[in-house]
Amino acid sequence: MAGVVVMTLSGCTSTDSIGSFWLGEDGEITHDAEPVPVPRRSGLVYTPDSRDREYQQHVAVEPGYKDPLHQGFFPSQTHKRLNDYASQLAMKLMDNATRLTHQDMVGVASFVRLNHSLNESTVLGNQLSEYLIAELQDFGLAIVDFKLAGGITVTPVGDFVLSRSGKALAKQVEMDHVVTGTIIEDDRGVRVNARIVSLENKQVVASADVYIPAFIVMDLNKMASVRTP
């Protein structure tokens, strides 16, 4: 009678090594007492860079975590500029414009704070209106610059034709519509509400809004304070 060969498979021993861990008899994984050294320049060790040092300096000045949802987001650098938001605003205005033709003469006024007087503008309100002149003209609108003076003023430091003096401005400026709007400020930024209004019957022919983050507005204020003598 042929012999019977019996084969048995033995399980892994209780001290099989798995990297820096060991399997115990009950299957529990325990750490090795001696940490496994990580080779230099292996990519497994995080190396701080200039952004980390900049953040540490920021934390040293203003300790404590601030939730961006409540405190706002303030990056040190951004590729977004105010003219980008003016472009968005112009696109929204033209997208829902009604009864507005390319022959209509349109003026662009400063955007003002939404308060009791409606005659208080800001750096943002003035710059936004200047950007909108170019942006709306790109859509084919006939833009009128009512800040054009009645003549050119020649001085030793330059020749000027724009003015904010009511006496120096041209006496008559033909306009059919005007672009205006309000700005509402909060801790996180500024809500801009814009509209194109008919001067004949005060009808709103287009409206749009855009939200501009606080760090964009803060940069405008910083530049204005530096340039102000």
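Reader: What makes β4 and strand β9 count as a pair?

Author: In this predicted model, β4 and β9 (residues 177-185) are joined by three bridges in the parallel sense. Two strands pair if there are at least two bridges between them, so three bridges are enough for β4 and β9. One place to look is V106, which stands opposite H177 in β9.

Reader: Which other strand pairs with β4, and in which sense?

Author: That's β6 (residues 142-144), which pairs with β4 (residues 105-108) in the parallel sense over three bridges. Look for G107: its bridge partner in β6 is V144.

Reader: How do you know that β10 and β11 pair, and in which sense?

Author: Count the bridges again: β10 (residues 189-198) and β11 (residues 204-213) have nine, in the antiparallel sense. The cut-off is at least two bridges, so β10 and β11 pair. I196 stands opposite A206 in β11. The two strands form a hairpin with five residues between them, and K202 in that turn has a positive phi of about 65°.

Reader: Why is V204 called partly exposed?

Author: V204 has a relative accessible area of 45%. Buried would need under 20% and exposed over 50%, so V204 falls in between. You'll find V204 in strand β11. Leaving aside neighbours within four places in sequence, V204 is in contact with R195, I196 and V197. From V204 to H177 it's 27 residues in sequence and 9.3 Å in space, C-alpha to C-alpha.

Reader: Why is K147 called buried?

Author: Its relative accessibility is 13%. The limit for buried is under 20%, so K147 counts as buried. K147 sits in the loop between β6 and β7 (148-155).

Reader: What makes the approach of K147 to E130 a polar contact?

Author: The side chains of K147 and E130 make a polar contact at 3.4 Å.

Reader: How do you know that the length of helix α3 agrees with what it should span?

Author: α3 (residues 82-95) has 14 residues, and at 1.5 Å a residue it should span 20 Å. The C-alpha atoms at its ends are 20 Å apart, so the two values agree.

Reader: Which residues of α3 are buried, and how do you know that they share a side?

Author: The buried ones are L82, Y85, A86, L89, A90 and L93. They cover an arc of only 140° around the axis, which puts them on the same side of α3. An α-helix has 3.6 residues a turn, so residues three or four places apart point the same way. On the face turned away from the buried side, α3 carries the exposed residues M91 and D95.

Reader: How many helices and strands does the whole chain have, and what share of its residues is buried?

Author: The chain has five helices and 11 strands. Buried residues make up 24% of its 229 residues.

How values were computed: Residues numbered from 1 in each chain as written. Predicted model: local features only at pLDDT ≥ 70, side-chain atom pairs only at ≥ 80, totals over all residues. Heavy atoms only, no water. Helix = DSSP H or I, 4+ residues; strand = E, 2+ residues; numbered from the N terminus. Expected span 1.5 Å × (residues − 1). Buried < 20%, exposed > 50% of the residue type's maximum accessible area, 1.4 Å probe, protein only. Arc of directions from axis to C-beta. Polar contact = N/O pair within 3.5 Å; in protein donor to acceptor, adjacent residues only side chain to side chain. Contact = heavy atoms within 4.5 Å.
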